[in-house]
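The following note sets out some points on helix packing, aromatic pairs and backbone angles. Please read it beside the sequence and the structure.

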Amino acid sequence: MTTGDTGEFDARGGQVFWRAWLPDRARAVVVLVHGVAEHSGRYDHVGKRLADSGFAVYAFDHIGHGRSGGGRSNIESIDAAADNVNTMLDIASAKHPDLPRFVLAHSMGSLITLYLATRAPLDVAGIAVSAPPVVIEAGNPVQRLLAPALSRWAPNFGVLQLDSAQISRDPEVVRAYDQDPLVYRGKLPARTATEILRGADFVLGHLDALRVPTLVLHGGADALAAPVGADRIEAGATATDLTVLRYPGLYHEIFNEPEREKVLGDLVHWLEEHTGAQ
């Protein structure tokens, strides 16, 4: 694996920071899309694993996250976040012309990717989505009712606290998450919460437009993104190439669970199958 590259691009809400993990010789491009409140640097082990398997991996920090600009944990809009995935795909493709392209995403990143793939046809060889929050169980009815108004008038007002103990059964992962200065530990802003709800409603209503080859990965003990979301995608997507892998007992961040090597192996195998190389 060669030394990774970094850069920035202009986006609605500020500058977007990106990083890369690059193999000596790439056979495909993977754009990695992280979840809410975190940042792309938490996927260093994923980027290295994929690069070691011949994939050029590019990951960016959402607006409001990590090293990117914007109000903390405020993504501005799900449309803008989806547009940034397209921009990252274009940047990666310019550096690796004619290679097949994939999107790998986790949690909110999975929702953004599914939104992108159902909003309009997506020119990629496939998408792999981990813990897609298409069925939202968090928040009470009052919070859901107030969220749109708060999103408009007080977009950075905190409405929902995430429980870090639910991300992984590995206490070292939880400890590192809690101590990471680039991880946002406040309450989720009203704007982001509202855009997640809006995005989930849209995706569930447009699953018949999900035609790109898709891999869905979900932990069976995920308390942050309801595992039933994988069932809804499996039942509603029209993609003829759809694989759903469920991992009983695993928490939300399946790439950070004790069984991470099994999960990463499944991911690499699927990517290799879809690049015609095993």
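In which hand of crossing does helix 3 pass helix 6? In this predicted model, the crossing of helix 3 past helix 6 is left-handed.

1. Packing of helix 3 on helix 6. Helix 3 covers residues 108-119 and helix 6 covers residues 190-205; their axes are 9 Å apart and meet at an angle of about 45°. Helix 3 is therefore oblique to helix 6, since an angle counts as roughly parallel under 35 degrees and as roughly perpendicular from 65 to 115.

2. Residues of that contact. Helix 3 contributes Met-108, Leu-111, Leu-114, Tyr-115, Thr-118 and Arg-119. From helix 6 come Thr-192, Ile-196, Arg-198, Gly-199, Ala-200, Phe-202 and Val-203. Sorted by class, the contact of helix 3 with helix 6 holds 8 nonpolar, 3 polar and 2 charged residues.

3. Packing of helix 1 on helix 8. Helix 1 (residues 44-52) packs against helix 8 (residues 260-275) at an angle of about 45°, and the axes lie 11 Å apart. Helix 1 is thus oblique to helix 8. The hand of this crossing is right-handed.

4. Residues of the second contact. On the side of helix 1 the contact involves His-45, Val-46, Arg-49 and Leu-50. On the side of helix 8 it involves Arg-260, Glu-261, Leu-264, Gly-265, Leu-267, Val-268 and Leu-271. The contact of helix 1 with helix 8 comprises 6 nonpolar, 2 polar and 3 charged residues.

5. Aromatic pairs. The model has 4 aromatic pairs, counting rings whose centres lie within 6.5 Å. Phe-102 belongs to strand 5 (residues 101-106) and Trp-270 to helix 8, so the pair ties together parts that are 168 residues apart in sequence. Phe-102 and Trp-270 are both buried.

6. Positive phi at Asp-98. Although Asp-98 is not a glycine, its phi is positive, at about 75°. Asp-98 is found in the loop between helix 2 (78-95) and strand 5. With a relative accessible area of 79%, Asp-98 is exposed.

7. Positive phi at Ser-107. Is Ser-107 buried or exposed? Its relative accessible area is 9%, so Ser-107 is buried. Ser-107, a residue other than glycine, has a positive phi near 55°. The loop between strand 5 and helix 3 is where Ser-107 lies.

Conventions:
Residues numbered from 1 in each chain as written. Predicted model: local features only at pLDDT ≥ 70, side-chain atom pairs only at ≥ 80, totals over all residues. Heavy atoms only, no water. Axes fitted to C-alpha atoms, helices over the stretch in contact; angles between N-to-C directions. Helix = DSSP H or I, 4+ residues; strand = E, 2+ residues; numbered from the N terminus. Parallel < 35°, antiparallel > 145°, perpendicular 65-115°, else oblique. Left-handed = near helix turned anticlockwise from the far one by under 90°. Contact = heavy atoms within 4.5 Å. Nonpolar A, V, L, I, M, F, W, Y, C, P; charged D, E, K, R; others polar. Phe/Tyr/Trp six-rings, centres within 6.5 Å; stacked < 30°, edge-to-face > 60°. Buried < 20%, exposed > 50% of the residue type's maximum accessible area, 1.4 Å probe, protein only.
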